[in-house]
Amino acid sequence: MRNLLTTLLLAAALLPTAAAAQAVGADDGDAVCRPGDKGCARFVGDGKGGVPKRGGAKQPVMIGTSVFMLTPWQAERERRCLALAGWAEARGEGADAMAAVMWVVANRAASADQPSLPCRVVVATGQFEPFAAAPVEPANRKKAKAVKAKGRQAETAARQAKAEQAALAADPRVENRRILTEIRRQAAVIRAGGMPSWPKPRLAPDQEALRTARGLAWNLNDDDMPDPTARASMFYSPPTQAALRRQKPDWAEARLKTASIGGHSFYRAPTPPAERTIATLVAEIAE
């Protein structure tokens, strides 16, 4: 049932009538955008068009519960940060889990205490582990790697591709490490104020999950896709904590658990509903 939640919500948002519904797995592909939404189609990679140019007039853009005044370039950047966060944290757990992670980012951005933007939220220190700054390597190690890379230029492209595919087939963790390196590279771009690029996953499930994440990020607002986390602002993965032999985070004890989606548990501060509504409105005005 949990895995159906976001799929049903997204379907309701994307399809105005039952007659317009598209079956999952149909010949024309899975629908992640409303029919005729060219902006969404471009964003998920199904339509033509590149990244919007910098500048231009600011327009209201609803992300989560907040309305931000953004240029087209800025709106593209914030939505990319949302999609990357959901995909990096929960790509193997389905659309529900990815959307839930994105909602946590949006809820933090809407915080009345520290209203911000999604891109600032995902690269905040000590928050989203895949976006953490990569450890700095010693200078001598970097030099050794450079020499090794130069030697590899003599190898043929065919041998490299063959070895790479063999490694992926034998151990998917190789691809996971590559993806983590790419996410951290894009995190550095975000910190510098640039536009993050889309990763290029090599495994089909990761490719499809990224396309889905892009569609979710485009439609992430209370009108099209209500928050399944009940305004959660924190989450963690119990299976991951157990695998790393870590205890339940201390912060979870002082917060209210609102949902379990995929392999993640979601939490928020135990604030009365009336106060949460006021906080959201303040965040909208502040931005």
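The expected span of a helix is taken as 1.5 Å times one less than its number of residues, and helices (H or I, at least four residues) and strands (E, at least two) are DSSP runs numbered from the N terminus. The model shown is predicted, so that local features need pLDDT of at least 70 and side-chain atom pairs count only at pLDDT 80 or more, whereas totals for chains, interfaces and linings use all residues. Residues are numbered from 1 along each chain as its sequence is written, and side-chain values use heavy atoms, with hydrogens and water left out.

**View 1. Helix α9, residues 204-218.** The 15 residues of α9 reach 22 Å from the first C-alpha to the last, close to the 21 Å expected at 1.5 Å a residue. Because 11 of these 15 residues are buried, α9 is largely enclosed by the rest of the structure; buried here means under 20% relative accessible area, with exposed over 50% and partly exposed in between (1.4 Å probe, protein chains only). Among the buried residues of α9 are Asp206, Arg211, Arg214 and Trp218.

**View 2. Helix α3, residues 72-90.** The end C-alpha atoms of α3 are 27 Å apart, which agrees with the 27 Å that its 19 residues should span at 1.5 Å a residue. α3 is mostly covered, with 17 of its 19 residues buried.

**View 3. The largest nonpolar core and Met102.** This core (buried Ala, Val, Leu, Ile, Met, Phe, Trp, Tyr and Cys residues joined through side-chain atoms within 4.5 Å) has 55 residues, and those with the most contacts inside it are Trp87, Met98, Met102, Val122 and Phe131. Helix α4 (residues 95-109) gives the most to this core, with 12 residues. Leaving aside neighbours within four places in sequence, Met102 is in contact (heavy atoms within 4.5 Å) with Leu82, Ala83, Gly86, Ala213, Leu216, Ala217 and Leu220.

**View 4. The largest pocket and its lining.** A pocket is an open set of points on a 1 Å grid over the protein atoms alone, where a 1.4 Å probe fits, with protein on both sides within 12 Å along at least five of seven lines, and lining residues have an atom within 4 Å of a point. The largest pocket holds about 940 Å³ of space and is lined by 30 residues, of which Glu89, Glu129, Pro130, Ser237 and Thr240 lie nearest its centre. At least two lining residues each come from α3, α8 (173-191), β3 (234-236) and α10 (238-243), and α8 supplies the largest share, 7 residues.

Methods:
Grid points are joined across faces, edges and corners, and a volume is the space filled by probe spheres set on the points.
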